[in-house]
Amino acid sequence: MAMNEMAAMLGAAPLASDEKWMRHALALARQAEAADEVPVGAVLVKDDLVIGEGRNRPITAHDPTAHAEIVALRDAGQRLENYRLVDATLYVTLEPCAMCAGAIIHARVARVVFGAFDPKGGAAGSVFEILGTDCLNHQVALTGGVLAEECGNLLSEFFRARRKRKNS
Ligand SMILES: [Zn+2]
């Protein structure tokens, strides 16, 4: 791992399987991109099995809450027939926003692993510290910066292409 990547790491040290699941989330992010949505993907994992998947789809779904994390939480809730996702880990390509951080805590997700940091709205420390706070009953273990460059590049290339299209 490069030193600068190391420095960007946040919270608990990554586990060996973190990159594997982040690649799974990246594949979902690319599906969002193919649908012309901001490319963010999320996967919920429990006992090394997928229990929920989501990709960002607010435009397609006409739903401002349809962020990748919320879609994955709803998917897992339906699959497990349980509104509590105890012992699950959420992998998401971008640092969760305040809305998603709140939903993650409501779902009692045990751990969150995210890729790129979001200096404009991240709620895992970049702008707010909703995940990672010790003010709440439920504590979420947090690892940030896993495959951060790949996750971030996907987003910046998407926005660059969109600007180019708008300008032409
Ligand atoms: Zn969100």
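Guide: We begin with a definition: a residue is buried if 20 or more other C-beta atoms lie within 10 Å of its own, and exposed if 12 or fewer do. The model before us is predicted.

Visitor: Is H67 buried or exposed?

Guide: H67 is found in the loop between α3 (58–61) and α4. Leaving out residues up to four places away in sequence, H67 touches V40, N56, P58, C97, M99 and C100. Because H67 has 25 C-beta neighbours inside 10 Å, its class is buried.

Visitor: How far apart in space are H67 and L90, C-alpha to C-alpha?

Guide: In sequence, H67 and L90 are 23 residues apart. From C-alpha to C-alpha, the distance in space is 13 Å.

Visitor: Which residues is Y91 in contact with, leaving aside its neighbours within four places in sequence?

Guide: Contact here requires C-beta atoms, placed from the backbone, to lie within 7 Å. With the neighbours within four places set aside, the contacts of Y91 are W21, M22, H24, A25, A42, V43, V45 and V113.

Visitor: How are the axes of α2 and α6 oriented to each other?

Guide: Two packed helices are described by the angle between their axes and the distance between the axes. For helix α2 (residues 18–34) and helix α6 (residues 148–167), the angle is about 5 degrees and the axes are 11 Å apart. Angles under 35 degrees count as roughly parallel. The orientation of α2 and α6 is therefore roughly parallel.

Visitor: How many residues of the contact of α2 with α6 are charged?

Guide: L26, A29 and E33 of α2 make this contact with E150, C151, L154 and F158 of α6. The residues of the contact divide into 5 nonpolar and no polar, and the number charged is 2.

Visitor: Where on α5 do its buried residues fall?

Guide: The buried residues of α5 are C100, A101, A103 and I104, and their cover includes α4, β4 and β5. Seen down the axis of α5, these residues fall within an arc of 165 degrees, so what they line is one face of the helix.

Visitor: What is the distance between the C-alpha atoms of A32 and G54?

Guide: A32 lies in helix α2 and counts as buried because it has 25 C-beta neighbours inside 10 Å. Beyond four places in sequence, A32 touches E37, V38, P39, V40, G41, R55, N56 and R57. A32 and G54 are 22 residues apart along the chain, and their C-alpha atoms are separated by 9.2 Å.

Visitor: What is the phi of D36, and is D36 buried or exposed?

Guide: D36 sits in the loop between α2 and β2. D36 is not a glycine, yet its phi is positive, at about 65 degrees. Because D36 has 11 C-beta neighbours inside 10 Å, its class is exposed.

Visitor: Is E81 buried or exposed?

Guide: E81 lies in the loop between α4 and β4, and its phi is near 50 degrees, a positive value in a residue other than glycine. With 6 C-beta neighbours inside 10 Å, E81 is therefore exposed.

Methods. Residues are numbered from 1 along each chain as its sequence is written. This is a predicted model: local features need pLDDT of at least 70, side-chain atom pairs count only at pLDDT 80 or more; totals for chains, interfaces and linings use all residues. Axes are lines fitted to C-alpha atoms, for helices over the stretch in contact, and angles run from 0 to 180 degrees between N-to-C directions. Helices (H or I, at least four residues) and strands (E, at least two) are DSSP runs, numbered from the N terminus. Angles under 35 degrees count as roughly parallel, over 145 as roughly antiparallel, 65 to 115 as roughly perpendicular and the rest as oblique. Two residues are in contact if their C-beta atoms, placed from the backbone, lie within 7 Å. Ala, Val, Leu, Ile, Met, Phe, Trp, Tyr, Cys and Pro count as nonpolar, Asp, Glu, Lys and Arg as charged, and the others, Gly among them, as polar. The arc is that of the directions from the helix axis to the C-beta atoms.
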